[in-house]
Amino acid sequence: MPRGIVGAAQREDAVAIDATAAADTFPKLLVHNARVRADRPALRHKDLGIWQTWTWADLLDEVRAYAVGLHRLGLKRGDTIAIVGANRPRIYGSVMAAQMLGAVPVPVYADAVADELAYVLAHAEVRFAAVEDQEQVDKIVSVAERLPKLETMVYDELKGLRDYDHAKLRAIDDVIADGRTALANDPKVAEWLDNEIAAGKGSDISIILYTSGTTGQSKGVVLSAKGCIDAARDTVAFDKLTDQDEALAYLPIAWVGDHYLNYAQQLVAGFCTACPEHGETAMQDLREIGPTFYFAPPRTFETMLTRVMIRMEDASFIKRKLFHYFIGVARRYGEAILNGQPVPVQGRLLYRLGQFLVYAPLKNVLGLSRVRVAYTAGEAIGPDLFSFYRSLGMNLKQLYGQTEAFLYVTCQPDGQIYSDTVGPAAPNVDIRIADSGEVLFKSPGMFVGYFKDDAKTKEAMTSDGYVKTGDAGFFDQKTGHLKIIDRAKDVGKLNDGTLFPPKYIENKLKFFPNIREAVAYGDKRDFVAVMLNIDLTAVGSWAERNNVVYGSYQELAGHPLVYDMVARHVEETNRALAADKMTAGAQIRRFLILHKELDADDGELTRTQKVRRGFIAERYDPLIKALYDGSAEADISTEVTFEDGRKGNLSARVKIRDVTTVPTLEKAA
Amino acid sequence: MRAPAASDIAAGEAILSVKNVSLAFGGVKAINDVSFDIKKGEIRAIIGPNGAGKTSMLNVINGFYHPQHGQITFKGRTRQAMRPYEAARGGIARTFQNVALFKGMSALDNIMAGRTLKMRRGFLWQMLRIGPALTEEIAHRRRVEEIIDFLEIQAIRKIQVARLPYGLQKRVELGRALAMEPDLLLLDEPMAGMNLEEKEDMSRFIIDVNDHYGTTIALIEHDMGVVMDLSDRVVVLDHGVKIADGTPDEVKSNQAVIDAYLGVAH
C-alpha cells in the first residue's frame, strides 16, 4: 500500500475521533458512524433462519425514513413515545428514529402486564407507542381508557392484526415507506431532517427508563444525551471496545443494561449489535454470532455450567475423564495465566494442551469463543462459578451499577478480578460511603431526575449532589475495591453496634453446594445466628458415598455427621467474615438446620426464591428463641402445605450447634 | 386434469360438502346418513361424545375410508369416495389425533416433508442438489421458514422431534400440514393432552392460520370452551348420526346435544 494512503487513513481516523467527541446526541453519533464506517455492520437479525445485516449506512438510511414517517404521523420534539417489544432491529430503530426527531423514547418491559404498562404509559404521557406485535397491541388496547393521550401505535409484526381497526394503528414498514417517499419527493424534507438532527443538544432528555418497581411504584429515570454518551465513552475506552466488536442483544430493552451495553456503547464504539431470532433462541444465536462483548447475570452463567456438567455425565468414559482432568488443570493454573501471574512451565504446557482439547471446544459450544470482555452483575456470584469461567480463559468481570447512574458505578479492570468485590469506581465516577454505610456516587451518566417526581428525586440525592444507591457497602482494605453487602435498609446492627448485613452472610453460606438456603438473624440481638437448609441433592449424594442412611429430608438434616459437615462450612464462613474489619463482628455464633425445606407454597420464600426473613422468624419463633437462649435443642411444630394443596402438621426436635468464631485483630489486641 | 383452485370458490360458499354419507365396518355403523358442508374461509368444528364417528368422518373426507353410501363434493367435483392422493393434491391437509411425525427427523425436515407434493424436480435432481433443484429447494425452504416463524418454533428448528415435548410436536405437525398450503385443513383433536397455556397458544395459532392464510379449517375437539370460542359453525355427531348443526350458540342450546353430552334417562 502506498505510504500516502496510509497517512490519509490515519488522518481520517484522527478526524473520526474528533467528530465522535463532538457528537453529543445518539442521532449525531449514528450519522457519524454512517460516515466513517459506512460499510461496517451495525445491526444483525436472524430472519427466516438467515442472518440479515444492516450496515451503518443502511441503518441511517432506514432510521431517517422512519423518523420522517413518524413525523408525518405527528411525532415531534419533546413528545414521549413508548417502545414495547423484544430485541429486534425495528424496536431499536424506533428508539433511534424518535431520538432523531428529538422525541423521548420510553422503553417498557415487554412482559409487563397490562396494568404496569398502563401505569408507565400514562405517567410518561406518551402520544405514540412503537410495539412489536399483536400481544403488545392487545395489552395497550385493553387499557386504552387510561391512556387518553395515546394517539397512534406503530407495530412491527402484522400477524393477527389484519382485522384490527387501523385508524390508530400503522405498520412500521408502512411508516418507513411513507417516510422514504417523502424524502424522495421533496429534497427539503432531507434538509429539514438534517436540521432536526443538528438541533439536538447534549442537555436534551435522551431517554426515560422506568425502574422495574420491585420496591413500590416504578419511577421514570430521566437521562440526558450527553450523560449517556459520556458514560458510554468512558467504558468503551476502559474496555477498549472498537467497531470490530460484536454483542448479542438479548436483555430486556427497558432495562438500563441493554440500553447501555447494546445501544449507547454500540453507537459510541460503532460495533455491531445482533438481535436474536426469537426470545427462546438466544443460546443458539449466541453460538452463531460469537459475541466479543458479553453480559449475563450470574444465574445465566450458572445455568450454562449446569447444562455442561449434565451433558458431560452422559459423555463417553474417555471424554469425561479428559474433561475433568483438564478442568482440574484449568482450576489450578487458568486464573493465574489470565491474570498474568507467574505459572510453572509444566502448568503452562498442560493448560495449552487443555486449551486445545477441552477449553476451546467447550467455549465454542457455549458461544463464548470470541468473548474478549464479559461482565456479570445484579447479584453475588459464587466464587467457584466465577473462577470456572475465568479459568477457561474468559475475561469475566464484575460491575456494579444502577439505572440512576446509567449503569456503571464500579467495574473491575483487567487483571484485578476478585469474586467478592465489584471493583473500584468506574472512570470519572466518584464514590463516597455515607456514615450509615450507604454507597453514594456522582458519575458522568447520572440521571437528571425522576420524571415528574421532584420529591423522590430530592430524596434520592444528597445535598451536595451525590446519588444514594440504597445499597450498603465498603471499600476492601486489601484491594481498594468496593464490596456491596446488602440493601441499606436491610442492614441491621447487633446490640453492640456492629454492622449486621444478613444477605451478605447468607450468600457466603449459600456458595457452599451443601447449603441450599440460609436465613441470618442478628438485628437488635447480641450475636448472629442462622437457620439453614441443606441441599438434598448435594448432601444426599454425599450421604450415599459415606454410607449415611436416611429416609427423609428431616432425617438427613438432623444427622450428626451432616451437622459436623455444615459446622465446618459455617466456620469457614466465619473466617471469611473475619478477614474484613467491617464484617468481622458479624460472625456466626450458633446455627441450626431446619427440619423442612423452605418453600414458597408455605410463604417462606417469595416466588422468586428469596427468603422472607420476617415471616420465617414469626413462624419459627420457638427456634429463634432457642438460638438465643443457649438451649441445645428445641421442639417445633409447623403447618405445611403439600403439593396437592392439603395441609398437614410437621413437628420435630431441632438441634442447635455452637460454632467457634475467629478472633479479630482488634479484639485480640 | 387440473383440480379447481380454491380461488374459484367464493368465500362463504361450500368448499366441501358431504351428502348422505354412511360408513360401516362390518355390522358397526360408524357414520349413518350424515350430510353437512364446510364453507370456504370458516372454522368448522365437528364434535360429539366418544365413538360418535368424528375421526371416521375426517378419514372419509381425506379419502382414508371409503363410505358405502353418499357423495362427497370437494371444490365442485362430486365423488363417491375421495382417494388420499386426490385429497392431498386437491389441497386437503391434516394432523392426527396421535402425533404422526417422522420421529427421527428434525422439526425442519418434518415440515419440509410437507412440501413434497409441491416439488417439481425428480429424486435424482434433488439428490444432486444443483441448478434448478437447488433453486427449488431454496424456494421451498423459504416457505418452510415462514411457517416456522409463524408458529414461533425457531428454537427447535434443528431438534429431533422425538426429543420435543408433546405440545411442540403438535405444533410441528400443524406446521407440516401448513407446508402443503392447504385449502382445507383437517385438525384431529389439536389440543388433546395439552395444558391450559398450550391450549391457548394452539387456539391462537389456529385463529391466526385462518386469518393470515385464509385457510378453511375443520377440527375435531373435545374441549367445549375451545370449540365454542374458535369455530364459526359446529356440527354435532352422536353414534354416527348428525344431531345438530349450527353456530356455537345454537348448538349449545340444542336439547339433543345436551342429552348426548350429559346423558339422558332412557
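The model is predicted; local features need pLDDT of at least 70 and side-chain atom pairs count only at pLDDT 80 or more, whereas totals for chains, interfaces and linings use all residues. Residues are numbered from 1 along each chain as its sequence is written, with chains lettered from A and ligands numbered from 1 in the order in which they are written.

Chain B contains 10 helices and 10 strands, taken as DSSP runs numbered from the N terminus (helices H or I, at least four residues; strands E, at least two). Its radius of gyration is 19 Å, close to the 18 Å given by the globule rule for 266 residues, so chain B is as compact as a globular protein of that length. The radius is taken over C-alpha atoms, and the rule is 2.2 Å times the number of residues to the power 0.38. The C-alpha trace of chain B spans about 65 × 45 × 35 Å along its principal axes. Of the 266 residues, 41% count as buried (20 or more other C-beta atoms within 10 Å of the residue's own, with C-beta atoms placed from the backbone). Among contacts in chain B with a separation of 6 or more, 68% join residues 24 or more positions apart; a contact requires C-beta atoms, placed from the backbone, within 7 Å.

Helices H5 (residues 131-150) and H6 (residues 166-179) of chain B pack at an angle of about 140°, with axes 10 Å apart. H5(B) is therefore oblique to H6(B), the class left for angles that are not under 35 degrees (roughly parallel), over 145 (roughly antiparallel) or 65 to 115 (roughly perpendicular). Axes are lines fitted to C-alpha atoms over the stretch in contact, and angles run from 0 to 180 degrees between N-to-C directions. From H5(B), Arg143(B), Val144(B), Ile147(B) and Ile148(B) meet Gly175(B), Leu178(B) and Ala179(B) of H6(B).

Ala87(B) lies in helix H2 (residues 84-90) of chain B and counts as buried because it has 22 C-beta neighbours inside 10 Å. Beyond its neighbours within four places in sequence, Ala87(B) contacts Asn62(B), Gly63(B), Met82(B) and Ile92(B).

The contact between the chains takes 12 residues from chain B and 11 residues from chain A. On the chain B side, H5 and helix H7 (196-212) each give two or more residues, and H5(B) supplies the largest share, 5 residues.

Definitions and conventions
Two residues are in contact if their C-beta atoms, placed from the backbone, lie within 7 Å. A residue is buried if 20 or more other C-beta atoms lie within 10 Å of its own, exposed if 12 or fewer, and partly exposed in between; C-beta atoms are placed from the backbone.
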